[in-house]
Amino acid sequence: MTVNLGDHLERKRLVLQIQADIDKFCREEFSEDARTHLGASIIGNDCQAYAWNTFRWLRFEEFDGRMLRLFNRGHLEEARFVRWLVGIGFEVREIDPDTQKQFRIVGAKGHFGGSLDSMMKPPARYNIPAEHLIWLGEFKTHNEKSFTKLAGPKPHYTKMGEPRSGGEGVVKSKPQHYKQMCSYGRAYNFKYGLYCAVNKDTDELYFEIVELDYMQADDLFRKAENIVFSQTRPPKIAQTDTFFDCKYCDFAGLCHRGEVPTKNCRSCRNAFPVENAEWFCQVHNGIIPKHIIPQGCDAYARIA
């Protein structure tokens with residue numbers, strides 16, 4: 001039946017349908033398969049159980065169209081940062097010429113890893129010492145609340161273009177981002193990184209040159225090994241789901257309320273991570289084919 005655009009209620013109904021259709025499109029366009037490795041962006045989380053739950057696929061996180069658009073917004077911002085930095089004389093590399101893919105780090109027999117946003121070389125006019133001429137580049141988006149914690153409050157009276165001050169900086173306000181940078185820097189022998197942040201609400205920018213902590217990176221690689229090869233859930237960050245971090249965690253039901261994990265080979269206690277990012281089944285005594293892992297088999301026995 002033809003829509004009557006002269007009817008206010010019909011127009012409102014049509015707008016809601018357009019929005020629902022776009023959300024559906026975004027879920028199909030931006031959704032990705034479950035990550036097969038423990039990511040460097042996750043290993044810095046204070047809750048070891050969260051990292052283990054994620055790695056063992058105890059539950060697949062589901063995101064609506066709005067969240068997927070936010071994630072995509074982060075990817076789009078990377079290109080903007082690169083353009084700006086190149087525009088002022090930086091040399092920026094995002095792709096490994098040997099693989100034609102992003103620069104990566106790998107550990108725990110291939111089960112731990114991550115992709116660098118970039119590596120960069122500042123222009124000569126900055127007079128950077130030769131031994132520290134290559135930096136890690138990390139690009140992040142923030143909302144107003146997060147940006148204020150990072151960069152400081154917006155002053156009531158300021159000259160045009162004057163940056164904020166008095167913020168906590170990346171190490172304190174975003175320790176997970178900093179730990180991620182440390183793990184990348186350790187793997188590629190970068191001592192410094194340029195943290196590039198944008199406020200999604202105002203398009204304000206924040207930059208911070210951070211010294212990367214190799215000892216902290218080594219701890220993260222050891223933590224990744226422990227989580228990947230553990231057949232039991234590591235300690236939770238809290239013992240009740242009333243703890244702030246647990247309230248908004250997708251795994252709260254699994255950790256605190258006895259919910260049943262999603263059935264697949266990785267959430268089965270008969271499966272073990274082995275070399276080359278593969279999984280071994282002790283029931284079938286062999287490497288599990290990749291197409292079988294998401295569905296499991298009749299011998300499934302939940303790991304948690």
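Buried means under 20% relative accessible area, exposed means over 50%, and partly exposed is in between (1.4 Å probe, protein chains only). With that in hand, Glu77 is buried, at a relative accessible area of 3%. This is a predicted model, where local features need pLDDT of at least 70 and side-chain atom pairs count only at pLDDT 80 or more, while totals for chains, interfaces and linings use all residues. Residues are numbered from 1 along each chain as its sequence is written, and side-chain values use heavy atoms, with hydrogens and water left out.

**A salt-bridge network**

- A salt bridge is a side-chain nitrogen of Lys or Arg within 4 Å of a carboxyl oxygen of Asp or Glu, and the count comes to 14 of them.
- Arg73, Glu77, Arg80 and Asp203 are linked in a network of these bridges.
- Arg73 pairs with Glu77, with the closest N and O atoms 2.7 Å apart; both sit in helix 4 (residues 65-87), 4 residues apart, about one turn of the helix.
- Helices (H or I, at least four residues) and strands (E, at least two) are DSSP runs, numbered from the N terminus.
- Glu77 also meets Arg80 in a salt bridge (3.0 Å, N to O).
- Arg80 in turn meets Asp203, again at 3.0 Å, N to O.
- Arg80 lies in helix 4 and Asp203 in the loop between strand 9 (192-199) and strand 10 (205-211), so this pair ties together parts that are 123 residues apart in sequence.
- Arg73 is partly exposed at 27% relative accessibility, Arg80 is partly exposed at 30%, and Asp203 is partly exposed at 36%.

**A lysine without a salt bridge**

- Lys223, in helix 8 (residues 214-228), is buried yet has no salt bridge; the nearest side chain of opposite charge, Asp46, is 6.0 Å away.
- For charge, Lys and Arg count as positive and Asp and Glu as negative, while His and the chain ends are not counted.
- What does the Lys223 side chain reach? It reaches the backbone oxygen of Ile43 at 2.8 Å and the backbone oxygen of Asn45 at 2.8 Å.

- Two strands pair if DSSP finds at least two bridges between them.
- Strand 11 (residues 271-274) and strand 12 pair in the antiparallel sense over 4 bridges, with Ala271 opposite Cys281.
- Strand 12 also pairs with strand 13 (residues 286-287), antiparallel over 2 bridges.

Conventions
A polar contact is a pair of N or O atoms within 3.5 Å; within protein, one must be able to donate a hydrogen and the other to accept it, and residues adjacent in sequence count only if both atoms are side-chain atoms.
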